[in-house]
Amino acid sequence: MKKIKCECGHVNPEGTVLCEACGKPIEGNQHIDGNDKKKLLNMRYDGSARRSQTYNKSIIDKTWNFFSSVKVGVWLIVITLIASAVGTIFPQQQYIPSDAISRDPAIFYEDRYGILGKIYYQLGFHDLFGSWWYMLLVAMIGVSLVICSIDRFVPLYKALKIQKAKRHETFLNRQRLFSETEQVSPEDIEKVKNRLKKQRYNVRDEDGYILAEKGRFSRWGPYVNHIGLIIILLAALLRFTPILFMDEYVWVREGEQIVIPGTHGEYYIENKKFTLETYDADDEKFKAAIEKQGGMIPSNFQTDAIIYKDNNADVPGAEPDLEKIIESDIRMNQPLKFDGYTLYQAGYQENEFTSMSFIIHETDDADEQKLDEFSISLTEPKAEYELENGFRVKVEEYFPDYVFQDGEPASQTNYPRNPAFVLLIYPPESDTPEVSFIGIGKNIDATGENKYKVSIQDFSMHNVSGLTVKRDYTLPFFIFGAAIFMIGVIQGMYWQHRRIWVNPKGDGLLVAAHTNKNWFGVKKDIEKAIEGTNINMVVDQQELEE
Amino acid sequence: MGDLLGLSSTMLYVAFVLYIIATAFFGATIKDKGKGNKKSLSGKIGITLTLIGFLAQIVYFITRWIASGHAPVSNMFEFMTFFGMAMVLAFIVLYFIYRLSIIGLFALPVAIIVIAYASMFPREISPLVPSLQSHWLYIHVTTVALGEGLLAISFVTGLAYLIKKIDQTVRSKRTTWLEIVLYSLILFVGFSVISVTFSIMNYEATFEYPVDNKTLTSTYTLPPIAGPTDGELLTSDAMTPLFEAPAWMHGADAGKKLNTIIWSFITGSIIYLLLRLILRKRLGAALQPLLKRSKLDLLDEITYRSVAIGFPVFTLGGLIFAAIWAQIAWDRFWGWDPKEVWALVTWFFYAAFLHLRLSRGWHGEKSAWLAVGGFAIIMFNLIAVNLILAGLHSYA
Ligand code: HEM
């Protein structure tokens, strides 16, 4: 490595722009920070030697330089920004509304948004945020963050540590804030020193050369916040591991007790009751708003649940040995937590059918005199029912959620929301069945020759709760990353690194100042410090440049 | 309880009027020659009135909170009003750092426009659906509004910078863009003016229209230029729409929203043209003398400073608190919902702004344009995303 020795005696690493100790511009390197074309010095990294500005030979150098460029970083951010905005033009796949013609993206986008929707889908924008190229963009921002931070942090840290109070004159007069005073008394200098101390500057006096500095720690803010961002990106990677992150969905009927998915059979949930409450439409306070929104504004979704732990879960084949661990309600915004798992009230289905009871009577009987009766449990329908008075009923087909689709009967879902059956009725001592089709509001005799008719007598219903089951050990990493990020931005944004140099020159004085932000503030500090002395106020040379 | 709500509305009105008067006093500071900003009497009166107005608005906020039982940030009216209030607070903060009256002259009118705009939305107290019943909602929304209020100040000073800097003697791309920015602000005024006009006349026209096999009704408060797709007019003496909203504008009230936008453009354009006729020059040129004594350098610094102060607040409210609430309410802290994505877009934008400031060439006019762009993104998120790309955050 070619070291550069400055006239002040300090030895700088190759690529240094301003001597780390005295700040004298180092000849031949001024183009690096653009100082050769401007009067004012570029103070961004105190003219320290950054790897990215020094080497550009090997592939590694080139990659390093690419990612450490702020210009590249900004481009990556801007491209990601535009891509994100594009992802909101049409709803993402997971937000296709449930009342859409089809939730199949291949059909939905074209159906609802026409040719543009079709293009959107074909470009893969329906899952933009899960696409490989979006993740690649985010990953590249991450890489860029790391490299550019390392590139700058180390040299900047060294430069600020090594800096001397005595500065070269060209360094001082090429600062944005600068003044020269011909004649200054020692008392005035002492006054300035004390006033700066009072303003909580850290004042160093090296043989009459003064450096007043404050808020240096704020210079590390960006690096701290970038570390926070990296932690967040790493936490997002951890989500791809099933051990740390589990996400399941379960439907539980009222009265039902089932194993909670994702818990390896260790936990069971019983749904005692699901409640949906709405605001009282006569409530004086909300009356007007409720009326305007057409009534029925829900106020509460709640599942009263009991959680059991199976003590035999790790014994293969053993009967479950359930022990009640928690009885609690689960509401929106008030999830239930136990043993690292969290249950969220996420959905509901009202009025599913629990069971239906039927009677059999003669088709021509206007009084519908009961000849026999049976009832079908809709959650566990049997294949065949032997009835008391000798009838036999075979369930030929069962449509839990009946629709007539494409000229054929079908079931929309597996949930008993609109049950319908094709029943074979065997009269007593007969092997030739009659076929009946029966459902809510439908009772069809396909042949028109049935002697017996089945009618719905009664039914009972229940509600179903939809719960998300989550176990997420990655959350602490996200929280940690976010906290670090916030500390970093606050550190960097709400404090500033201010430096004021007061160096003697003959009988006179040179005053110069630099800050990384808030020039208005430093100017005020200097005004206060020199008040009543005959030291000249610094001139903002940038304003003059304009 | 009715009285409390009455008091609340009165206080909002008082604040609104005080902000207008305060603007006039800040305007008068331009004429105080030579005295320097600190000693200007009109500047002092201006900031005092602003503070009293702000207090009145706090009373509005608290009384409405008590009356409704929840923090009033849960529908479009309440949120936009709060955003206006946050802008005033942000202005107050920056005023006390820089003591620059000219910020008030530009910031208060923008806040006034925002509050007027907010007041055109339904003002009834609305009940909270279960997903909104969370303290994190309040924390999230208030912090976001505050962050956006601070960022809005960068728009204000950026705009002032452009008005001062851009050469108005010749027509150029820059003068045109500046006019577009000012014209956009006037569109909001147009919306308020036309809404007030027809609400005084109690105008209503009701339509019935189908959406996904359901029949919905929509009540227009402005005469229907654009009707709902396949809609049927139920009100007998209302005007029949000139055309129907195209079918791809899907969803409840799509026609009504389109109609409102059309009316805002019509009224806003008329106001703009009238102003041009009266002033006989570009609005930018007419405003330029107001900034005769302002320093470009200081305006640029305030632009950057308000982003520097606003960015952490916005990050905390718009991303971190938002994520905490989403985690509790919807079991995932991030779900790529349009509103969330636009918060991310805003955040990326200001991050890019801050990084561009690291290099020299981006100070001054370029920064000012960026600040304007950032505000456009914020407004897009507040208005368009709520009204057009409706997601889970179902305000209004
Ligand atoms: C979305 C991602 C990013 C965020 C939120 C972010 C945030 C920040 C913030 C808030 C600052 C302080 C700015 C100021 O003081 O005005 C900063 C500084 C900086 N950032 Fe980033 N950053 C991001 C990505 C990047 C990337 C990809 C690069 C790489 C090229 C980068 C390079 C830098 C540099 C070099 C600084 C200046 C450090 C200094 O002044 O010592 N940042 N960043």
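Modeller: A charge is said to sit over a ring if NZ of Lys or CZ of Arg is within 6 Å of the ring centre and within 35 degrees of the ring normal. Here B:Lys366 lies over the face of B:Trp362, at 4.8 Å from the ring centre, and in chain A the residue A:Arg51 lies over the face of A:Trp64, at 5.3 Å from the ring centre. Please keep in mind that this is a predicted model, in which local features need pLDDT of at least 70 and side-chain atom pairs count only at pLDDT 80 or more, while totals for chains, interfaces and linings use all residues. Residues are numbered from 1 along each chain as its sequence is written, chains are lettered from A and ligands numbered from 1 in the order in which they are written, and side-chain values use heavy atoms, with hydrogens and water left out.

Biologist: How many aromatic pairs are there over all chains?

Modeller: Rings of Phe, Tyr and Trp (for Trp, its six-membered ring) pair if their centres lie within 6.5 Å, and planes under 30 degrees apart count as stacked, over 60 as edge-to-face and the rest as tilted. By this rule the count over all chains is 62 aromatic pairs. In one of them, A:Phe399 and A:Tyr402, the ring centres are 5.9 Å apart and the planes stand at 65 degrees, so this pair is edge-to-face. Both of these residues are buried, where buried means under 20% relative accessible area, exposed means over 50%, and partly exposed lies in between (1.4 Å probe, protein chains only). Rings may also gather in a cluster, and one aromatic cluster here has members from both chains, including A:Phe90, A:Trp133, B:Trp334 and B:Trp336.

Biologist: Which residue forms a salt bridge with A:Asp46?

Modeller: The general idea is that side chains of opposite charge can pair when their charged atoms come close. The rule asks for a side-chain nitrogen of Lys or Arg within 4 Å of a carboxyl oxygen of Asp or Glu, and it gives 30 salt bridges over all chains. A:Asp46 has A:Arg499 as its partner, with the closest N and O atoms 2.8 Å apart. A:Asp46 lies in the loop between strand S2 (11-12) and helix H1 (51-54) of chain A, whereas A:Arg499 lies in strand S22 (residues 498-505) of chain A, so the pair ties together parts that are 453 residues apart in sequence. Helices (H or I, at least four residues) and strands (E, at least two) are DSSP runs, numbered from the N terminus. A:Asp46 counts as buried because its relative accessibility is 7%, and A:Arg499 is buried as well, at 0%.

Biologist: Where do A:Arg392 and A:Asp431 lie in chain A?

Modeller: A:Arg392 forms a salt bridge with A:Asp431, the closest N and O atoms being 3.8 Å apart. A:Arg392 lies in strand S15 (residues 392-399) of chain A and A:Asp431 in the loop between strand S18 (420-426) and strand S19 (434-439), so this pair ties together parts 39 residues apart in sequence. With a relative accessible area of 22%, A:Arg392 is partly exposed, while A:Asp431, at 67%, counts as exposed. Salt bridges can also be joined in a network, as they are for A:Arg176, A:Lys523, A:Asp540 and B:Asp297.

Biologist: In what order do the three strands of the open sheet in chain B stand?

Modeller: Two strands pair if DSSP finds at least two bridges between them. In chain B the order is S2-S1-S4, with antiparallel pairing. Strand S2 (214-220) and strand S4 (232-233) of chain B are at the edges with a single partner strand each, so one side of each is left without a neighbour in the sheet. Strand S1 (residues 205-211) of chain B pairs with S2(B) over seven bridges, and B:Glu208 stands opposite B:Thr217 in S2(B).

Biologist: Which strands of chain A form a hairpin with two residues between them?

Modeller: They are S16(A) and S17(A), and A:Asp406 in the turn has a positive phi of about 50 degrees. Strand S16 (residues 402-405) and strand S17 (residues 408-411) of chain A pair in the antiparallel sense over four bridges, with A:Phe404 opposite A:Pro409 in S17(A).
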